[in-house]
Amino acid sequence: MNYIGSKLSLIDFLQESILSVIDYNECDEYTFADLFAGTGVVGSTFKKKGCKVIANDIQYYSYVMNKHFIENNDFIDDSLLEYFNSLQGQEGFVYNNYCLGSGSERNYFTDYNGKKCDAIRMQIELLYNKGEISTAQYYYYLASLINSIDKYANTASVYGAFLKHIKKSAAKQFELELLPIIKGNSNGLVYNEDINELVFKIKGDILYLDPPYNARQYCTNYHVLETISRYDNPILKGKTGLREYSSQKSAFCSKRTVEKVFDDLLANAKFKYIFLSYNNEGLMSLDTIKNIMSQYGKYEVFTTEYHRFKADKEENRKHKASSTTEYLHCLIK
Ligand SMILES: C[S@@+](CC[C@H](N)C(=O)[O-])C[C@H]1O[C@@H](n2cnc3c(N)ncnc32)[C@H](O)[C@@H]1O
């Protein structure tokens with residue numbers, strides 16, 4: 001999934017840097033916490049390496065994806081895939097609110113894809129409620145639906161706005177594709193909480209932090225995926241159809257609050273190794289991060305060049321440089 005701040009293309013840099021600090025052997029069974037988990041790519045990587053992974057994110061669609069990647073470990077019966085793909089489209093919440101044909105005046109998906117998404121989403125819930133699919137299957141299919149439908153979204157890349165005309169990838173007929181099952185030594189644990197509250201309840205060896213770097217809130221940029229995963233019939237507002245998001249606004253997205261919540265997080269974290277991903281254009285400066293982290297132990301930093309996330313043309317025009325410096329700050333508590 002094309003996600004703001006995804007660490008997919010930085011995964012080798014992160015892995016090598018982290019392993020060089022922690023002196024890890026595959027049999028060590030370290031607990032690795034990925035608490036701003038997003039797409040789950042970092043936690044999944046360390047699950048494959050044999051760590052017990054704890055994942056968390058304030059967004060529910062991310063929780064669903066991590067429930068699958070981190071908690072599902074063994075073979076899962078996927079024999080319903082064909083059945084889901086053969087379902088007749090239905091006029092549900094997605095069609096009624098995000099497609100033009102319903103009169104919603106929103107153009108996030110074609111009518112066909114919106115109805116198809118509704119049919120599959122409703123069937124997953126129904127089968128789960130009737131006890132015909134297991135919890136593992138529920139998150140497997142739901143995570144796969146979220147990941148698949150994103151490829152057909154008629155947006156420049158995030159859901160802050162939809163395009164007027166249906167673009168090529170959005171015009172294709174929707175097909176549900178299954179995500180891989182990540183094999184590890186143990187099933188992990190996944191939470192859906194504000195990190196500064198969760199931090200009191202958990203402990204472990206390695207804490208990886210990948211907060212938002214700037215003022216762009218995930219709750220408003222991915223509201224459509226949030227609603228498809230919750231399927232909770234929210235009241236939508238305005239042209240873009242935003243759901244209520246006040247409880248999901250991140251203090252890491254505000255210059256006024258970020259230093260305090262970051263400092264609190266480090267103070268309360270019961271982990272020996274703490275890593276923070278951040279870049280040179282973030283709300284906190286390099287020196288601020290260094291000063292805050294150094295209060296709690298030994299500090300060092302790793303860097304690499306990184307090509308910027310391309311949200312859309314408008315966004316690109318705002319930036320002069322096409323690449324940024326990506327930092328991995330490290331604290332040994
Ligand atoms: C930079 S992204 C993480 C990307 C992720 N590492 C990946 O590779 O996909 C930041 C994530 O932090 C989450 N987030 C923001 N504020 C949070 C908070 N206070 N508590 C928990 N999660 C938060 C966002 O929903 C978003 O998914």
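Modeller: Happy to; we can go through the sheet, the core, a few residues and a helix pair. This is a predicted model, where local features need pLDDT of at least 70, side-chain atom pairs count only at pLDDT 80 or more, and totals for chains, interfaces and linings use all residues. Residues are numbered from 1 along each chain as its sequence is written.

Biologist: Great. In what order do the strands of the open sheet come?

Modeller: The order is β3-β2-β1-β4-β5-β7-β6, seven strands with mixed pairing. Strands here are DSSP runs (E, at least two residues), helices are H or I runs of at least four, and both are numbered from the N terminus. Two strands pair if DSSP finds at least two bridges between them.

Biologist: And which strands stand at the edges?

Modeller: β3 (189–191) and β6 (298–307); each has a single partner strand, so one side of each is left without a neighbour in the sheet.

Biologist: How do β1 and β4 run, parallel or antiparallel?

Modeller: Parallel, with three bridges joining β1 (residues 31–34) to β4 (residues 204–209). Ala33 stands opposite Leu207 in β4. β4 also runs parallel to β5, through five bridges, and there Leu207 has Ile274 of β5 as its bridge partner.

Biologist: What about β5 and β7?

Modeller: Those run antiparallel: seven bridges join β5 (residues 271–279) to β7 (residues 323–332). Phe275 has Cys330 in β7 as its bridge partner. Helix α13 (residues 286–294) packs on the sheet and touches β5, β6 and β7, with its direction at about 10° to that of β7. Contact means that the C-beta atoms of two residues, placed from the backbone, lie within 7 Å.

Biologist: New topic: how many residues are in the largest nonpolar core?

Modeller: It has 85 residues, and those with the most contacts inside it are Val64, Phe109, Ile146, Leu207, Ile274 and Phe275. A core like this is a set of buried Ala, Val, Leu, Ile, Met, Phe, Trp, Tyr and Cys residues joined through C-beta atoms within 7 Å. Buried means 20 or more other C-beta atoms within 10 Å of a residue's own, exposed means 12 or fewer, and partly exposed is in between.

Biologist: Which helix gives the most to this core?

Modeller: Helix α7 (residues 135–150), with eight residues. Val64 is in contact with Tyr139, Leu142, Ala143, Ile146 and Ser229, leaving aside neighbours within four places in sequence.

Biologist: Is Tyr273 buried or exposed?

Modeller: Tyr273 counts as buried because it has 21 C-beta neighbours inside 10 Å. Tyr273 sits in strand β5. Not counting residues up to four places away in sequence, Tyr273 touches Val21, Ile22, Asp205, Ile206, Leu207 and Ile332. Val21 is 252 residues from Tyr273 in sequence, yet their C-alpha atoms are 8.5 Å apart.

Biologist: And where does Tyr231 lie?

Modeller: In the loop between α11 (223–230) and α12 (258–268). Tyr231 has a positive phi of about 50° although it is not a glycine. Most residues other than glycine have a negative phi. Tyr231 is partly exposed, with 16 other C-beta atoms within 10 Å.

Biologist: What about Asn233, buried or exposed?

Modeller: Exposed, with 12 C-beta neighbours inside 10 Å. Asn233 is in the loop between α11 and α12, and has a positive phi of about 50° without being a glycine.

Biologist: Last one: which residues meet between α2 and α3?

Modeller: Gly43, Ser44 and Lys47 in α2 meet Asn66, Phe69 and Ile70 in α3.

Methods: Axes fitted to C-alpha atoms, helices over the stretch in contact; angles between N-to-C directions.
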